[in-house]
Amino acid sequence: MPDDSNAISAVVDPESSEFATEPVPAHAQVGWVRVALVSAMVAFSLPTFVTGAEVFLKLDNRSAFSATLLGCAVLTVIAALCGIVGTRAHVSSYMLARVAFGQWGAAVVNLAFAVSLLGWFGVNIDLFSGAVIRLLGDAAQIAAPAWVVELAAGVVMTITTIYGFRAINALSMVLVPVMMVVTVVLLGEAIGTRSLDATLAAPQVATMSFGDAVSSVVGGVIIGAIIMPDITRFIRHWRGALYTALLSYAIVQSIVMLSGGLAADLLRNDDFLDVLIVMGLSWGAFVIVIAGSWVLNSLNLYSAGLGTEATFPALKQRWLIIVLGVFGTAAAFLNILDSFLTFLFYLSVVFIPVAGIIAVDHFLVRPAAYRGAAVQHPDAYSATALVAWASGSVFALAADDLPISLTRIAAIDAIIIAAVLYAILGRWRPQPKFTTATEF
C-alpha cells in the first residue's frame, strides 16, 4: 500500500516533493478524500464570506442566490476539467501551462498568477488588520493604527511562510471543523428567523448586474480552480479529481457564500465583521478571521514564490519570498479591499481563459503532449495559445461596449471564446515529437 501520509505531505508542502517538474509516480499517489479535504479547506476563508455578502447586498436575494449557485457551478466545471487533466498527467499546473503555452508562454501565465496571488495577499492583510483592530477596540479598548497592524501582519506572515509552512498547514487542517461549525451557525441564524420564501422575496434594489455577480463569484477563487492540478496530480484515478471539485466548489463553496450572503442580508450590513459580532460569534469569529487569513496568506505567498521561482530558477527561494512579501504588504496599503468585487471581476476575466485552453489542448487538440516524455519537452512558446488567451480576455472586458455578448456573463464569455478559438487554431499546431506508449 502507498504511504498516504508521506504523499499527502508532498501535496501540502511542495518543498518536500520530488515531483515538482515530473509526473508523480504510482507509489506516491493517494486516495481522493485526503486531497479533497485540503482543497475544500480554502473555501472556509473570510474573502469567500465577504464575496457572498457583497453579492447579496447588491442584488435581490433571489438573483443573488442564483448567481452564487451558477458561479459555483462554473467553478466546479473548471476545477473538474483542470483537476482531471492534472490527475491523468500527474503533473503540476506549472507543467501543464508549459505544455499548452510553451516554456516562455507559461512564464507569462505563471507571473500573472503570482501578481494575482500578491493582490490576494494584500486583500487578506486588509481583512486581517480590520479584525485585529476591531478585537483590540472591543475587548481591550486599544486603538491601533491600521498601518501598524498591516505592516506587522505582512512581516509575520512572510516569516511564517519561510519557516513555518508545515505548522501553518497543520493548523489549517485543525481549523476546518471549527470553520464548518461557524458556517453552519451563520446559515442557521440567517434563515432561522424567516422562511426561505420570505428570504428570497426580500426586496432589494440591484446595484450590479447578474452577470457581474456571477463573474465576481467565479473571480473569487478562479486561480485555485485553475491550479487544482497542483494537488490532484497526487490522486490515483481521474474520478477522484471530479469528486474533489464537487466537494470543494459545488458543496462547500456554495454553502460558505450563501451563509455569508444571507447573514449580511438579514442585518443589511456590508461590514461582515459586524455581522459576525451581532450573530454572537465574536471571539470564535475573530479566531477564524485571524487564523484563516494567516493560513491563506501563507499559502498565497508560498504559491506566488513557487511560480516565480519556476520562472526564474536562479533566484533563492527565501529571498524571493521576502521580496514578494514586501510587495504583497505594499498592496494592502493600496486599499484593494475598497474595490474588492472589481478586483475579483478582472481576475475571472483575465485568468479563466487559461483553463479553457489547457482543457481543449488536453482533451481535443494534442492529448499526446500530456503523456510521458512529451511533458518534459514543451515548445518554446505557443502563439496560438497566447492569442486565444488574449482574445477571450479582451472580448469579455469589452463586452459592455460591444453590441453582442454570448452569455452576458463576462467570465463565461472569456472561457468560451478562448476555448473555441484555440480548438480551431490549435489544429495547425504541431504535435509533440516526444511521446511514450503510456495511455491514460
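Is Thr48 buried or exposed, and at what relative accessibility? Thr48 counts as buried, at 3% relative accessibility, where buried means under 20% relative accessible area, exposed over 50% and partly exposed in between, with a 1.4 Å probe and protein chains only.

The structure is a predicted model, in which local features need pLDDT of at least 70 and side-chain atom pairs count only at pLDDT 80 or more, while totals for chains, interfaces and linings use all residues. Residues are numbered from 1 along each chain as its sequence is written, and side-chain values use heavy atoms, with hydrogens and water left out.

**Overall make-up**

The chain has 17 helices and zero strands; these are DSSP runs numbered from the N terminus, with helices being H or I of at least four residues and strands E of at least two. Of its 440 residues, 55% count as buried. Among contacts with a separation of 6 or more, 86% are between residues 24 or more positions apart, a contact being heavy atoms within 4.5 Å.

**Helix α3 and Thr48**

Thr48 lies in helix α3. This helix covers residues 46-58, and its 13 residues reach 18 Å from the first C-alpha to the last, close to the 18 Å expected at 1.5 Å a residue; the expected span is 1.5 Å times one less than the number of residues. In α3, 12 of the 13 residues are buried, including Phe49, Glu54 and Phe56. Leaving aside neighbours within four places in sequence, Thr48 is in contact with Val42, Ala43, Gln253, Val256 and Met257.

**Two helix pairs**

Two packed helices are described by the angle between their axes and the distance between the axes. Axes are lines fitted to C-alpha atoms, for helices over the stretch in contact, and angles run from 0 to 180 degrees between N-to-C directions.

| Pair | Angle | Axis distance |
|---|---|---|
| α16 (residues 383-397) and α17 (residues 410-425) | about 150 degrees | 8 Å |
| α2 (residues 32-41) and α11 (residues 238-267) | roughly 30 degrees | within 9 Å |

α2 is therefore roughly parallel to α11, whereas α16 and α17 are roughly antiparallel to each other. Angles under 35 degrees count as roughly parallel, over 145 as roughly antiparallel, 65 to 115 as roughly perpendicular and the rest as oblique.

The crossing of α2 and α11 is right-handed, meaning that the near helix is turned clockwise from the far one by less than a right angle (anticlockwise for left-handed). Trp32, Ala36, Ser39 and Ala40 of α2 make this contact with residues of α11, among them Tyr243, Leu247 and Val252. The contact residues divide into six nonpolar, four polar and no charged. Here Ala, Val, Leu, Ile, Met, Phe, Trp, Tyr, Cys and Pro count as nonpolar, Asp, Glu, Lys and Arg as charged, and the others, Gly among them, as polar.

α16 also passes α17 in a right-handed crossing. The α16 residues in this contact include Val387, Gly392 and Phe395, and those of α17 include Asp413, Ile417 and Leu421. This contact has 12 nonpolar residues, three polar and one charged.

Phe121 is in helix α5 and counts as buried at 0% relative accessibility. Phe121 and Ala332 are 211 residues apart in sequence and 7.6 Å apart in space, C-alpha to C-alpha.

His90 is in the loop between α4 (61-89) and α5 (93-140). Most residues other than glycine have a negative phi. His90 has a positive phi of about 60 degrees although it is not a glycine, and His90 is buried, with a relative accessible area of 13%.
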